[in-house]
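The entries below follow the order in which I looked.

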Amino acid sequence: MINKKAHHEWHAFLNNNQLYYNKTGRVLKVGLLKELDVDGTTDNVRYFFKDEYARLCRLAGGGIKLTSPQIDGMPRASATGNSMENQMVKVANYHLLVETIAQALNACSLRSRRILIAKFIQNKKDWEVANQIGYEKTRYYHYLKIACSEFADTLERYTSLLGDADLLEDLHAYKDEKSEQRVNKQ
């Protein structure tokens with residue numbers, strides 16, 4: 001009879017943004033990151049795409065035409081500063097934010113990207129997205145939460161590269177914070 005010794009090797013794995021170490025049945029939790037509130041993060045991402053993203057797109061593409069000022073020789077009252085230049089800078093910033101959001105979407109896994117684009121960009125119903133990607137309702141909602149968490153992570157990364165932390169709000173919700181949620185539950 002062969003005597004098999006238990007193989008005592010530590011394995012690391014990540015679950016809900018918490019690092020765990022497993023050694024033959026024992027689990028040691030190491031919290032490198034704050035514990036993520038997945039449901040709260042999902043709600044924040046939903047709100048972001050429902051209200052803020054649509055508004056950013058409108059602001060980035062609507063209303064202001066980027067043309068040279070017309071000079072007709074008639075005297076005009078000058079405003080303080082250059083209002084056309086200020087408007088152009090604002091529009092450029094909105095364009096930059098929309099591009100950053102697109103980069104964050106593209107940095108998500110293929111499954112998450114497909115879910116996020118279908119749900120939030122193409123405005124499909126949950127059942128349509130579930131059918132499109134071939135998942136049952138409960139599995140779809142599980143993957144939707146994962147997709148929203150991934151997007152919050154990638155958006156945080158790409159907005160940090162812009163060098164201005166105030167451009168977009170962090171979409172993560174954390175379990176240890178008792179912060180007010182931005183979502184109005186109806």
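**Ground rules and confidence.** I noted that this is a predicted model, in which local features need pLDDT of at least 70 and side-chain atom pairs count only at pLDDT 80 or more, while totals for chains, interfaces and linings use all residues. Residues are numbered from 1 along each chain as its sequence is written, and side-chain values use heavy atoms, with hydrogens and water left out. The average pLDDT (the predictor's confidence in each residue, from 0 to 100) is 74, and 65% of the residues score at least 70. Over residues 1-12 the pLDDT is below 50, and I found 16 contacts in the model for this stretch beyond near neighbours in sequence, a contact being heavy atoms within 4.5 Å. Residues 62-79 also stay under 50, and for them the model has four contacts beyond four places in sequence.

**Layout.** Among contacts with a separation of 6 or more, 59% are between residues 24 or more positions apart. Buried residues make up 27% of the 186 residues, where buried means under 20% relative accessible area, exposed over 50%, and partly exposed in between, with a 1.4 Å probe and protein chains only.

**Core.** Which residues touch the most other members of the largest nonpolar core? I found Phe48, Phe49, Ile101 and Phe151 among its 29 residues; such a core is a set of buried Ala, Val, Leu, Ile, Met, Phe, Trp, Tyr and Cys residues joined through side-chain atoms within 4.5 Å. Helices H1 (38-61), H2 (83-106), H3 (110-121), H4 (126-133) and H5 (137-161) each give two or more residues to this core, and the largest share, eight residues, comes from H5. Leaving aside neighbours within four places in sequence, I noted that the contacts of Phe151 include Val45, Phe48, Phe49, Ile101 and Leu171.

I then turned to Thr41 in helix H1, which counts as buried because its relative accessibility is 0%. Beyond four places in sequence, Thr41 has contacts that include Leu36, Cys148, Ala152 and His172.

**Salt bridges.** I searched the whole structure and found three, each requiring a side-chain nitrogen of Lys or Arg within 4 Å of a carboxyl oxygen of Asp or Glu. Glu35 pairs with Lys175, the closest N and O atoms being 3.5 Å apart; Glu35 sits in the loop between strand E3 (26-30) and H1, and Lys175 in the segment after H5, 140 residues apart. Lys145 and Asp39 meet at 2.7 Å, N to O. Lys145 lies in helix H5 and Asp39 in helix H1, so the pair ties together parts 106 residues apart in sequence.

Technical notes:
Helices (H or I, at least four residues) and strands (E, at least two) are DSSP runs, numbered from the N terminus.
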